[in-house]
Amino acid sequence: MRSRAMLSALALTAALALSGCVAGASGSGSAQGGGSSGKVTLTFLTFETPNLTAKYWDDAIARASAKVPGVTIKKLVAPSVDRVGYAKQLAASGQLPDIMIAVSPNGFAQAGQLAPWTDGELADFVSPHSNPIGGKVYQLPYNTQPTPLVYYNKSDFAAAGITAPPKTYAALLDDCAKLKAKGINPFVVGGGGKDTWADMYPLIGAVATDTYQQDPDWLSQKAAGKAKFTDPAFTKAVGKVAALAKKGYIGTAGLSRSYAASEQAFRDNKGAMYPMGSWFATSADAKKPSFDVGVFAWPSDDGSLAVPAYTGGGMSVSSKAPNVDLAKKWALAFMLDKTSLDNSVKTDGSIIALKDYTTPSDIGPVYTETLRLYQDAVKQNAIVNAFSVETGDGSMPAGLADKTAAGVADLINGKKSAHQFGSFLDDEWAKASQ
Amino acid sequence: MNAGSGPRTPSWVRPIAATFVTAVFFLPLYEVLVNVFKRGQDITAHPVSLPIPPTLASVQQVISRPDHLFWYGLINSVEITAISITVLTVVSAMLGHYLARSAGRWAKAALAVLLCGLMIPPAVILEPITEVLRSLGLMTTIPGLVLVNVGYYVPFGVFVFTGFVKTIPVELEEAAALDGAGRFRIFWQIVFPLLRPASASVLIFLGVWIWNDFLNPLILLGPANGTTVTVGIYRAIGEHQSDFGQVFALMFLATLPILVFYLAFQRHFVKGLTGGATKG
Amino acid sequence: MSATLTRPTGTGSPTARRNTRPPAGARLLPKALHFLTFAAPGLLAFLIFVLIPIAMTVRTGFTNRNPANPRTRWVGLLNYTRLLQDSDFTGALKNTLVVTVIVTVAANVLGLAIAQLLARSGWLYNALRSVFFTPVVLSSVVVSVIWQAILTDDGLLNSALRGLGVTHPPGWLSDPDLALYSVAFILTWQVLGFCVVVYLAGLAGVPAELLEAAEIDGANRLARFRHITWPMLAPALTINTVMLLITGFKVYDQVQVVTNGGPGNGTTSTIAFQVVQTTFIGNHIGYGSAMATLMLIIIAAISVLALRVLQRREVTR
């Protein structure tokens, strides 16, 4: 009995082995054998989130492929939202995908792994020269994400007797005190699990109002060795976050909450304000919480507007793609497809940075308010960089953004003072650029 | 039955205590089990309640995904695991036997070096492995991944088999050799059948490890071919951050085959692991 | 590496010597052919896919390799002198040791206690054993996701504690002084079943007559355990300890999923985690390789120790 079972197991194994070899052989064959038949197979790295589902990608790919004949797209899916880390591992093993979306070009471009976009190809974009690396642009700057804006729970504000969102930082502190007095946590800030980055938003806001508003190029000066994180221009911003934590306005509970869990915590009334990227707007519209959501910009001391934002997020093309020109053509077709752009607005809260683009009319209230806030900031010339999100020349060396996020957790749990945080970042910068 | 517990403790104490301790240990698994049979929205609302009435909605959603994530992953996982552990059992049994029966320092040195290999996290040497595979032309192929698995896990197999071979009297083999049997025949007809418990433990442990491996298939088979059920769990976590029903269902389905595999072999495998140690 | 490893193996035991006498059949096949068929396939695979990659890692550890900096050059021991001053690395080393020690001790002690409890026959005990073994079969990712849901500040455990009237339950994962112990605890839970099963097998090998005779002679429970059961469990202890050391030193998945090395800078970062971060996130492949090399040296030292323990086991038998 047993030996027969063993034999059939062996036979099964052998059969599987055989089919595996055949499948493997045919798989690798189709990847290369494109040229002669006039069809090129290109790999395209995507990632899946609750909003960007498998179907979302498949439909968008089909629309782009319909416009660019001769291209067959093989969709790859990153195993987690961290597609940048995965792309790096693939690059290290010689398998960099031909086309990637929303993968920061930092590191890849310097290593010559990406093809730069020409001015002609960038003609349709509002800010064609954002985040250049060595003067060239490697990622299509197709959308702008204000990061962060402060989304707030209107019911909580009303319960605490707050009639309008704060215009100045002092007013924000007042409101925090009022909320706290009512037993409402002022802020929900995440950063637990593998999503340490999610604790960055208060700091990005504070750096925007207290450092970048005065000196938009502050980080480039740091990169050039002319400024330090221990300078008052920077520690003032850090000190604000430390003080918010010390007063209990930002709790340590968030340090155990993943990104998804912190959004859920805001929805579950665990805090009144949720500093987050503009993509939260569509999430709030699509699945409305039990309360109304409003939005304001992280306030500055004097009440003037400074909205941190990052423009980019689009396609990058590998310099070693089987046919770089065709890959670029396809990537542009994907990017400029009106339906895809509308979907991107509706599912991911993108603010499209293309000339001649009109936002669809059937968008929700929180997105509308977010967009209006952003357009005001553009009119007032009040857009600044989003600290640690920047890429390209004069931005942080690889790995430093993660270190910054880890440092912010130390600020929140009281392990580092503003000055210690500054010297920690200076040390890590020195280490990272060695 | 309970003679060993002595006259002082009443006989009902042990089963109650044992059940209680196990129940505490089991709580985290309970959390998964009950949530597999609930709908996503009920999980956030009532994470620990019993699924009444139970529903297969989440399980059905997973197995009927339009991109066949689960089924493709399952095929890949079964294929990679089955081939790897079969090859590994044969290769490490022979090497284990060879080293157990070899005198001399070099055999012991080889064992020591192999033991070091057991402790290396695969992520640490993954990048050079891809270079080796590329130079052999085996990158993104199943044979390539199987060979890497063999190289990486052979120390464990050897560790188990050498221990076990030493409990088998060498006289058995000597007698067969006197009768004119060759080394191959002696090993396969006389020794290997006696190693069954050891083979069971090697199959189970390596089966579990390779089944649960995530990074190797993903990088070595490449993103286009390397989706296994374990990769599927990662992906589901990203995609269903707010609907944990599918995540739990996928966890459950991905674990089921390997759990059944374990239960089928469990009678033998403990003896295999400790056979060399506890006899004697 | 092998030269240093052969040294301490000199204390060959009589048992081993008897067992390792070559069978008479050696003459039927030339020794070389025997080696080629039995030993070579496994050794070759190990050589090509483990030793050569290790050698390549060691080599890269002497360079400044970084994909963002195409000119790779030799930097001698620079990476190593930097490593010794790098608090991120020394911190990770310390964390790894803490986790390994906790897991090794806790899983052995609890494993033995639970094995004593379950060392009876019958369907109930069989079922309970299978429950304990289940986490061993689960992938680390699954285990991590489960425990994350339980241990977050507003997770199931703290909800239960609040229900029992604890107003400020601990932040198991958010408190930097606790998170490392939480990681060690998760790992212990995951491997406990393995220890239980191995100790159960060991206990089954203790002759009941011996224990009964001792009881008649008036030995109390503790004395019976110390003088009869415990010495006979030595081999089980060895197996468990080796497996736990291996598990502890490799720990990566749980850290990555549950804490990402935090909260804060490096509070739960382990060596494996630090190596991957440095190499893949920081792009410092050269530096990360030096880190990996140092890790391998530590691993080799532990292997030597483990091997000595294994041989002592042979002597005592």
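Here is a short briefing on the chain contacts, the nonpolar cores and a few local features of this structure. This is a predicted model, in which local features need pLDDT of at least 70 and side-chain atom pairs count only at pLDDT 80 or more, while totals for chains, interfaces and linings use all residues. Residues are numbered from 1 along each chain as its sequence is written, and chains are lettered from A and ligands numbered from 1 in the order in which they are written.

**Where chain C meets chain B**
- In this pairing, 80 residues of chain C are in contact with 83 residues of chain B; two residues are in contact if their C-beta atoms, placed from the backbone, lie within 7 Å.
- Helix 3 of chain C (residues 31-60) supplies the largest share of the side that touches chain B, with 16 residues; helices are DSSP runs of H or I with at least four residues, strands are runs of E with at least two, and both are numbered from the N terminus.
- That side of chain C has 60 nonpolar, 16 polar and four charged residues, where Ala, Val, Leu, Ile, Met, Phe, Trp, Tyr, Cys and Pro count as nonpolar, Asp, Glu, Lys and Arg as charged, and the others, Gly among them, as polar.

**Where chain A meets chain C**
- Here 30 residues of chain A are in contact with 24 residues of chain C.
- Helix 14 of chain A gives the most to chain A's side, with six residues.
- By class, chain A's side has ten nonpolar, 13 polar and seven charged residues.

**Nonpolar cores**
- The largest nonpolar core has 173 residues, and B:Leu95, B:Ile233, B:Leu250 and C:Val196 have the most contacts inside it; a core is a set of buried Ala, Val, Leu, Ile, Met, Phe, Trp, Tyr and Cys residues joined through C-beta atoms within 7 Å.
- Not counting residues up to four places away in sequence, B:Leu250 touches B:Val62, B:Phe70, B:Gly232, B:Ile233 and B:Ala236.

**Listed segments of chain B**
- An unreviewed UniProt entry lists residues 12-30, 69-94, 106-125, 186-211 and 244-265 of chain B as "transmembrane region"; such annotations may be inferred rather than shown by experiment.
- Residues 244-265 of chain B are 100% helix and 0% strand, with the end C-alpha atoms 32 Å apart.
- Residues 106-125 of chain B are 65% helix and 0% strand, with the end C-alpha atoms 25 Å apart.

**A glycine in chain A**
- A:Gly251 lies in the loop between helix 8 (232-246) and helix 9 (259-267) of chain A.
- A:Gly251 is buried because 21 other C-beta atoms lie within 10 Å; a residue is buried at 20 or more such atoms, exposed at 12 or fewer, and partly exposed in between, with C-beta atoms placed from the backbone.
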